[in-house]
Amino acid sequence: MSAAEKVVCVTGAAGYIASWLVKLLLQRGYTVKATVRNPNDPKKTQHLLELEGAKERLHIFKGELQEEGSFDSIVDGCEAVFHTASPVFLSASKPEAEIVDPAVKGTLNVLRSCAKVPSIKRVVLTSSMAAVVCNGKPLTSDVVVDETWFSDPAFCKESKLWYVLSKTLAEKAAWDFARENRMDLVAINPGQVIGPLLQPTVNLSVETILNLVNGARTFPNISYKFVDVRDVAHAHILALENPSASGRYCMDGEPIHCHGVLKILHNFYPTLHIPEKCENDEPFELAPRVSRQQIEGLGVQSDNMKFIPLEVSLRDTVESLKEKGFVCV
C-alpha cells in the first residue's frame, strides 16, 4: 500500500504538536482525518486547511473527547490513529473535572472506537515527560531518566499537579486498555516542546520563550530540556512506520539552565530586552538527563535527519513569534 492510499486519524489536530504532525503526514502522502472541537472556528482549522496537500487529502471532523462513540465513524477505515487530544491547563477551578477526567475518559473513548475497527494496525499516543518524572524522587543532575519511570499519581495529587496527573492517568489507562484488548499501542513522551508555530495562538510550552523575550525583569532559576516540535512530530510518524516500534519513547533535550538559553537568544537578538538578573541567589542546578537510547533506536537520528539543534529551535521559535506579532525585535 502506498502512502497515498493510507488513511490515518489525528485527534486534537489544532494543537501545537498535532498541527505539525498533520503537516508532515500530508507531506508524506497520507490522507488525514483530523478532529477538532469546533470545525467552524477558523483559529482551529484555517492553518490546517492552508497546508500543502490539505485540499486533496485532509478531512476535518468534530471530535468530542467525552462523548461515547463520537470517534467511531471517524476512525472507521483508518490504518492508524494518532491520539494527541488532551486538555493542556495547569490549573482550573475544578481540576479533576476540567483537566483529569477529559484526558482519561477521552483517551479511553478514542481507544474504544479504535478497538472496533479491524483495519487499525497501531495507535500512537501523545503522552508527556510529565507522565514519567514526577514521582517524588530527587531530580538532580546525576540522575538519568528513562522509559521505565512512571509518575506517581498519589504524589501528583498531593502536590496538586493536575496536568501531570491527567497525563499520567491517561497513559496508564491507555496501557491497561491496550493489554486487555491486544491493541498495538506506542507512546511518545516529549518534554518541553518549542519551535515554530503553525497555529495562530501561543501554546503553554512556547509561552516560556515568549515570557523571556517579552519584557521580563528577571529570569527563573530553572533548567530546561527543550525538544523541537518538528522532531516530536517526526517521531510520531516513525512510531507508526517502524514495524519494531513498541512501548514508550521519552523525548527530551540536553539540560540547559535558563541563563544559558538567554545567552543563546542574546547572540541572535542583541537588541532584545533580555533579563540579566536571576529571580533568586540560589546556585544554578541542572535538571536530570533523559536517556535518548530508546528514541534514537526509533530512527529519529537516522531517517535522513538529525535532532534539530537547540540554537536552531530557539531562533525559529522567536522568528515564528515575531511573524505572528507576539514579539517585536
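Let me begin with the inside of this model, which is a predicted one: its largest nonpolar core has 68 residues, and those with the most contacts inside it are V10, V22, L25, V32, M251 and L298. Helix α1, residues 16-27, gives the largest share of this core, namely nine residues. If we take V22 as one example and leave aside its neighbours within four places in sequence, we find V22 in contact with V10, A13, V32, L48, L51 and L58. Apart from this core lies another, of 44 residues, and among them are I120, C156, V164 and A174.

Let me turn now to the sheet. Seven strands form an open sheet, and the order in which you meet them is β3-β2-β1-β4-β5-β7-β12, with parallel pairing. At the edges stand β3 (58-62) and β12 (247-251), each of which pairs on one side only, and from one strand to the next the twist averages 20 degrees. Within this sheet, strand β5, residues 122-126, and strand β7, residues 185-190, pair in the parallel sense over four bridges, and the partner of L125 in β7 is A187.

Helix α10, residues 229-241, packs on the sheet, where it touches β1 (7-11), β4 (80-83), β5, β7 and β12, and its direction makes about 160 degrees with that of β5. Helix α2, residues 42-49, lies across β2 (31-36) and β3, and runs at about 165 degrees to β3.

Is T107 buried or exposed? T107 counts as buried because its relative accessibility is 3%, which is under the 20% cut-off. The side chain of T107 reaches the backbone oxygen of A103 at 2.8 Å, and, not counting residues up to four places away in sequence, T107 touches H83, P102, L125, A170 and A174.

I222 counts as partly exposed, because its relative accessibility is 37%. Leaving aside neighbours within four places in sequence, I222 is in contact with I256, H257 and C258. How far apart are I222 and T84 in space, C-alpha to C-alpha? They are 27 Å apart in space, and 138 residues apart in sequence.

Definitions and conventions. Residues numbered from 1 in each chain as written. Predicted model: local features only at pLDDT ≥ 70, side-chain atom pairs only at ≥ 80, totals over all residues. Heavy atoms only, no water. Buried < 20%, exposed > 50% of the residue type's maximum accessible area, 1.4 Å probe, protein only. Polar contact = N/O pair within 3.5 Å; in protein donor to acceptor, adjacent residues only side chain to side chain. Contact = heavy atoms within 4.5 Å. Pairing = 2+ DSSP bridges. Helix = DSSP H or I, 4+ residues; strand = E, 2+ residues; numbered from the N terminus. Axes fitted to C-alpha atoms, helices over the stretch in contact; angles between N-to-C directions. Core = buried A, V, L, I, M, F, W, Y, C linked by side-chain atoms within 4.5 Å.
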